[in-house]
Amino acid sequence: MNNPNIDSDELTALFTADTPLIDVRAPLEFILGSLPGSVNLPILNNEERALVGTTYKQQGSEAAVMLGHEMISGQAKQDRLQQWLDFIRQHPRTVLYCFRGGKRSQITQQWLKDAGVDRPLIIGGYKQARQFLINTIDRFSENHTLLVITGPTGSGKTQLIQEIRNSYPVLDIEALARHRGSAFGGMSLPQPTQIDFENQLAVNLLKLKQNYLFDPVVVEDESRHTGRVYLPASFFEHMRSSEIIWVDEPLNTRVDNIFGDYIVATPIGQAQQARRNTQPLSSATEIQEILCQQALLLFDKYASALQAISKKLGGVRFQEVSQDLENARSSFVNRNEIQSNKTWIEKLVRYYYDPLYLGSLQRRQVNPCFKGSRQAAIDYLRARKQHA
């Protein structure tokens with residue numbers, strides 16, 4: 001069976017179908033950025049690629065190809081071919097790519113064909129697909145409407161987006177960035193590279209266009225940077241000029257929300273619960289010990305995050321909040337008590353996050369189409385959908 005190669009016109013279908021991809025570039029190239037759905041099974045490792053590249057520059061293409069074949073022959077060739085075959089056996093729809101759709105993916109394709117497996121490659125390779133994804137973000141920003149959910153820290157904006165996702169197309173930028181967008185917002189998984197973040201954003205936009213025939217797309221208000229990654233200029237500027245809903249919750253509700261997300265739903269809350277349910281089994285004790293260690297590491301992480309914003313807090317307030325955090329840690333260690341975390345959370349919101357967020361909204365001269373509690377905003381969105 002012949003599998004024609006993938007042209008740029010077919011990239012939308014490839015990405016929205018979550019097509020499994022084999023990236024045959026070297027690991028150093030893959031780490032910098034890859035296409036969503038890729039696994040790195042290189043035809044040349046980093047050292048081999050460097051040697052082939054040097055030979056190409058000094059002696060030309062024919063000598064470089066010859067060297068590549070000499071290095072990747074015999075058992076080395078069989079091992080790499082077997083890796084590709086094993087992956088394709090598990091993922092029969094696999095598509096191949098290298099940097100430009102050149103020799104590396106073409107040779108991989110031929111070796112597979114010689115082994116009885118015919119798989120397509122992406123014409124133009126990673127470079128072509130990457131440009132397609134960048135263009136996708138720009139076109140979406142030009143042609144589609146956003147509805148931005150804003151509000152002070154702890155207002156429940158992310159929860160609101162989750163609650164209305166059955167009624168509206170939604171985009172969760174923090175989930176794509178694997179970061180909650182604040183000094184304390186790191187998640188357990190490492191953040192993607194900037195390129196991987198942009199590529200995944202583009203694929204999510206393609207899926208929204210495919211699955212929903214209407215606008216607006218609901219998105220949470222974010223600054224340009226979310227942790228170490230940042231939104232492409234066209235998309236960020238589009239967000240800043242879009243219609244806004246302001247979620248307005250009282251301080252105590254916001255503190256409770258933050259306490260739930262950053263304390264109860266983390267190893268701190270899990271360790272407290274495990275220690276409450278003490279059992280005589282050694283396995284239970286081991287689990288408690290692991291959770292407690294993770295909880296203490298999280299307290300250390302919060303202390304480091306606090307240190308990172310110490311200048312913006314000011315010396316006196318930094319010392320005050322730091323002491324409250326240390327008191328909460330001691331209460332957890334000595335009394336298995338976690339409610340005292342609300343003290344430092346509440347001060348951090350009042351001293352740092354509220355002035356920061358509200359100041360930003362004032363500078364932007366935000367004029368929301370609706371302002372109210374999270375539930376009121378949900379009701380407004382549902383009514384708006386019905387009357388659309």
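Residues are numbered from 1 along each chain as its sequence is written, and side-chain values use heavy atoms, without hydrogens and water. Because the model is predicted, local features need pLDDT of at least 70 and side-chain atom pairs count only at pLDDT 80 or more, whereas totals for chains, interfaces and linings use all residues.

Asn341 belongs to helix H17, which covers residues 341-364; helices (H or I, at least four residues) and strands (E, at least two) are DSSP runs, numbered from the N terminus. The relative accessible area of Asn341 is 0%, so this residue is buried (buried means under 20%, exposed over 50% and partly exposed in between, with a 1.4 Å probe and protein chains only). A polar atom of the Asn341 side chain lies 2.8 Å from the backbone oxygen of Ile338. When residues up to four places away in sequence are not counted, Asn341 touches Phe259, Ile263, Phe299 and Ala328, contact being heavy atoms within 4.5 Å.

Aromatic pairs number 9 in the structure. Rings of Phe, Tyr and Trp (its six-membered ring) pair if their centres lie within 6.5 Å; planes under 30 degrees apart count as stacked, over 60 as edge-to-face and the rest as tilted. Tyr302 and Trp344 form a tilted pair, at 5.7 Å centre to centre and 50 degrees between the planes. Tyr302 lies in helix H14 (residues 282-308) and Trp344 in helix H17, so the pair ties together parts 42 residues apart in sequence. Tyr302 and Trp344 are both buried. The pair of Phe370 and Tyr380 is stacked, because the ring centres are 4.7 Å apart and the planes are at 10 degrees. Phe370 is in strand E10 (residues 370-372) and Tyr380 in helix H18 (residues 374-386), 10 residues apart. Tyr380 counts as partly exposed, because its relative accessibility is 23%. Tyr97, Phe99 and Tyr126 are linked by ring pairs into a cluster.

Charges also sit over rings, a term that requires NZ of Lys or CZ of Arg within 6 Å of the ring centre and within 35 degrees of the ring normal. Arg275 lies over the face of Phe332, 4.8 Å from the ring centre. The charged end of Lys342 sits over the ring of Phe259, at 5.0 Å from its centre.

A disulfide is a pair of cysteine sulfur atoms within 2.5 Å, and the count of disulfides is 0. Cys292 has a relative accessible area of 17% and is therefore buried. Cys369, with a relative accessible area of 30%, is partly exposed.

Notes:
Polar contact = N/O pair within 3.5 Å; in protein donor to acceptor, adjacent residues only side chain to side chain.
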